[in-house]
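User: I have a structure to go through and some questions about it. Please keep the answers plain.

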Amino acid sequence: MIQKPKGTYDLLPEDTNKWQAMEKTIRNVSKIYNYKEIRTPIFEKTELFHRGVGESTDIVSKETYDFIDRGNRSNTLRPEGTAPVVRSYIENKIYADKFPVTKLYYMGSMFRYERPQKGRYRQFAQFGAEAFGSTSPLLDAEIISYAVSVLKALKIKDVKVHLNSIGDAESKEAYKLALVDYLKDDLDSLCHDCNTRFKTNPMRILDCKIDSKSDFLQNAPKPLEYLNEASKNHFADVIKFLDAMDIAYVIDESLVRGLDYYTHTVFEVKANLETLGAQNTICGGGRYNTLVSSLGGPDIPGVGFAFGLERLMFALDSINFKGDPSYLHLYLMVLGEKQKEDGIAILNRCRLGGLFSDIDYMDKNMKGQFKLAGNFNARFVAIYGEAEKADGTINIKDQDNGTEVTISKEQLYNHIVQELMKPSHSCEGCSEDSCDTCDEEEEN
Ligand code: AMP
């Protein structure tokens, strides 16, 4: 028996149903914020991630899935979505488009060779957004508001936005010097990886899963203390705009984020939910003003975020999210070999008209077929047997209320459509001019 690779999972139909509902909500919120979907390849030239994400990051130094193809080219399965989107933005000259600000979102699989655990996989899915073309703090605030709106639309509560600024290139440099100065006297207390990071990218040490909790690092200088005037003003404006939208956040002075390309605003959304376990960061993002130019494009700023969709799904488990119920409009029961030809034609007519329909393929008896229809959650069960064939009729049963009628077989499709259009009471959204149930509900 061949099993799935370590760190991957199968999404079975019951779960895909939930995922589709989650994706539908995400797409809808994306429309509300005027972001358009982009789809880039699942693999890119290895070089893109080395230049885009950064040589010294964990992702590039330890976690990429690299392969040499038959033409001797080095490719990498994408470990994240921003570098590919930026590559596409430059390659397709989207910046020369009629809109000064380009707002894009993506959903898809990412690949990282990490140690698997709940909420951490080797193949996982992200939903991310990127906005290019403006340094305005309005856009930083918008991207955070967009992330928060996705969570609101999914009805996920108990989440917190953690916010920080690491400033522009000048501020980052000043901070780096101060940090190196602080760390240099006690390198022995840091883990092996952090000793390497000290040489390649000391800011990454603040993000270390092992060392970041130590008193030594907790007391290290913080990026906010080293912001120059322009960076301070930018951050103050982001905060002002978030306050104007009543978006709650906490300033998290130790937040730096795992990728090299960030400047100014960085943020994460953490959920305090049992269903998530230790991996409780569901979204991370920030501003990256130099990434487009460092990948060979014009000097154009960007800001974005990425959600981990598995973690979002775990968060949805905490509110018992079920997705859209699965059902059929019609289950067609064909009894007897001679009725099959008519049966498939009737079924086909209903399917072409858009009814969710199915039929038995196993020559089951009536009892077995009723059971199947029930399992499929079919609203109508139509029976077509020898007697019906003889007089050109079909028997149809409404499983909702038990009513049963015999109609001409040509009328089946229209009959079902008419029945489906009748309001089903609870009455919410009922459009009838005079409906007894609605009137009664109104009186109460
Ligand atoms: P990053 O691209 O590292 O900023 O990650 C953005 C989000 O993707 C994180 O907040 C997680 O929700 C999710 N994520 C990152 N790595 C993994 C992984 N290996 N498995 C599942 N989700 C992940």
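User: Which strand gives the largest share of the shell around the ligand, and how many residues is that?

Analyst: This is a predicted model, in which local features need pLDDT of at least 70, side-chain atom pairs count only at pLDDT 80 or more, and totals for chains, interfaces and linings use all residues. Residues are numbered from 1 along each chain as its sequence is written, and side-chain values use heavy atoms, with hydrogens and water left out. Strands (E, at least two residues) and helices (H or I, at least four) are DSSP runs numbered from the N terminus. The largest share of the shell comes from strand 10, with 3 residues.

User: Which residues come nearest to the ligand?

Analyst: A residue is near a molecule if one of its heavy atoms lies within 4 Å of it. There are 14 residues around the ligand. Those that come nearest are Arg112, Glu114, Tyr121, Arg257 and Thr281.

User: How far is the side chain of Glu114 from a nitrogen atom of the ligand?

Analyst: A polar contact is a pair of N or O atoms within 3.5 Å; within protein, one must be able to donate a hydrogen and the other to accept it, and residues adjacent in sequence count only if both atoms are side-chain atoms. A polar side-chain atom of Arg112 lies 2.8 Å from an oxygen atom of the ligand, and a backbone N or O atom of Thr281 lies 2.9 Å from a ligand oxygen atom. For Glu114, an N or O atom in the side chain and a nitrogen atom of the ligand are separated by 2.5 Å.

User: How much of the area that the ligand exposes when taken alone does the protein bury?

Analyst: Accessible areas come from the Shrake-Rupley method with a 1.4 Å probe; for residues, only the protein chains shown count as cover. Taken alone, the ligand exposes 480 Å². The share buried by the protein is 91%.

User: Is Cys283 buried or exposed?

Analyst: Buried means under 20% relative accessible area, exposed over 50%, and partly exposed in between (1.4 Å probe, protein chains only). The relative accessibility of Cys283 is 1%, so Cys283 is buried.

User: Where is Lys93 found?

Analyst: Lys93 is not a glycine, yet has a positive phi of about 45°. Its relative accessible area is 52%, so Lys93 is exposed. Lys93 is found in the loop between helix 4 (82-91) and strand 5 (102-111).

User: What is the phi of Asp363 near?

Analyst: Asp363 lies in the loop between strand 13 (357-359) and helix 13 (366-375). Asp363 counts as exposed because its relative accessibility is 56%. Its phi is positive although Asp363 is a residue other than glycine, with a value near 50°.
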